Amino acid sequence: MEHDTTWLNSIDFKEISVQLEDSILHIQFNRPHKKNAMNLALVEEMMQCFTFGADLKSLRGVVITGSEGNFCSGGDISDMHLSSLNESEREKTIWHFNRSFGRMITQVKHSPIPVIAAVEGAVLGGGFGLACVADISIASDSAFFALPETGLGVIPAQIAPFLAGRIGIDHTKRLALTGEKLNAEQALHLGLVHRVCSPQTLKDQINSAIKQVKQCAPEANSSTKRLLLGLNNTPLEQILDDAAAAFVRSLSSEEGIEGTKAFIQKRKPSWCE
């Protein structure tokens with residue numbers, strides 16, 4: 001299957017590596033010298049990916065990984081040369097960096113395309129947050145998770161809300177107020193990740209998750225994500241009314257018609273590869 005990669009070729013990626021393969025967008029953090037800690041440039045490149053990627057009709061999923069044994073060790077502000085700024089400029093710079101990360105992670109969470117995070121090694125701070133917003137999170141048993149911010153005298157400002165959304169406020173408080181480090185099995189137990197595997201089988205697990213996602217209709221997946229993400233902010237009756245209307249639209253859509261025919265004819269629908 002051929003894909004339009006014009007939007008990819010138009011972006012000069014430096015902090016991440018991006019590849020479109022078999023309708024899956026693969027994003028890899030490319031700052032191994034910093035254990036893939038995120039600077040502002042990386043955050044902005046991620047936002048570009050999710051802005052343009054969402055317009056790609058043939059895109060079926062996004063996979064986010066780290067490089068050289070680590071997923072992401074959090075935020076990196078060391079390249080901002082804060083000491084050279086006056087107090088007002090310093091505060092604006094820090095605010096912009098912190099808030100930009102929040103916008104990026106919100107983009108990832110609300111992507112209409114399924115997002116898979118495959119994590120290993122350091123999964124700290126912002127990396128922890130990304131693992132929490134992915135639709136499917138797979139952890140190598142080498143992965144370790146923590147919110148180290150309070151131990152540094154700062155707060156997990158943009159991360160905490162997403163972590164609380166994944167595992168609840170009580171567990172989030174414990175992790176944020178102690179900086180406790182979790183291994184992959186503990187993360188699985190809390191619901192932070194969905195699968196744990198050996199480093200040698202991580203790629204196989206990614207491929208398995210991709211295969212499962214591709215069994216589902218793209219527009220149906222997109223509508224389902226939109227429905228589920230609205231649960232916390234909308235009255236239940238309105239959710240159910242809107243869901244019924246969305247179901248009617250999906251059943252009469254090209255995907256719904258094809259899926260129904262495939263079921264009756266006892267064959268796989270056209271979107272299955």
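In what order do the six strands of the open sheet stand? I read the order as S1-S2-S3-S4-S6-S9, with mixed pairing.

Ground rules, noted once. The model is predicted: local features need pLDDT of at least 70, side-chain atom pairs count only at pLDDT 80 or more, and totals for chains, interfaces and linings use all residues. Residues are numbered from 1 along each chain as its sequence is written, and side-chain values use heavy atoms, with hydrogens and water left out. Strands (E, at least two residues) and helices (H or I, at least four) are DSSP runs numbered from the N terminus. Two strands pair if DSSP finds at least two bridges between them.

**Entry: strand by strand.** I started at S1 (residues 16-21). Six bridges join S1 to S2 (residues 24-29), and the two run antiparallel. They form a hairpin with two residues between them. Asp22, in the turn, has a positive phi of about 50°. Next I followed one row of residues across. Gln19 stands opposite His26 in S2. His26 in turn stands opposite Val63 in S3. S2 and S3 (residues 61-65) pair in the parallel sense over five bridges. Val63 stands opposite Ile116 in S4. S3 and S4 (residues 115-119) run parallel, joined by four bridges.

**Entry: cysteines.** How many disulfides are there? I counted zero, taking a disulfide as a pair of cysteine sulfur atoms within 2.5 Å. Buried or exposed (buried is under 20% relative accessible area, exposed over 50%, partly exposed in between; 1.4 Å probe, protein chains only)? Cys132 counts as buried at 5%. Cys272 counts as buried at 15%.

**Entry: a loop residue.** I looked up Ser58. It sits in the loop between helix H2 (40-53) and S3. Ser58 is partly exposed, with a relative accessible area of 25%. I also checked Ser58 against Leu147: they are 89 residues apart in sequence and 36 Å apart in space, C-alpha to C-alpha.
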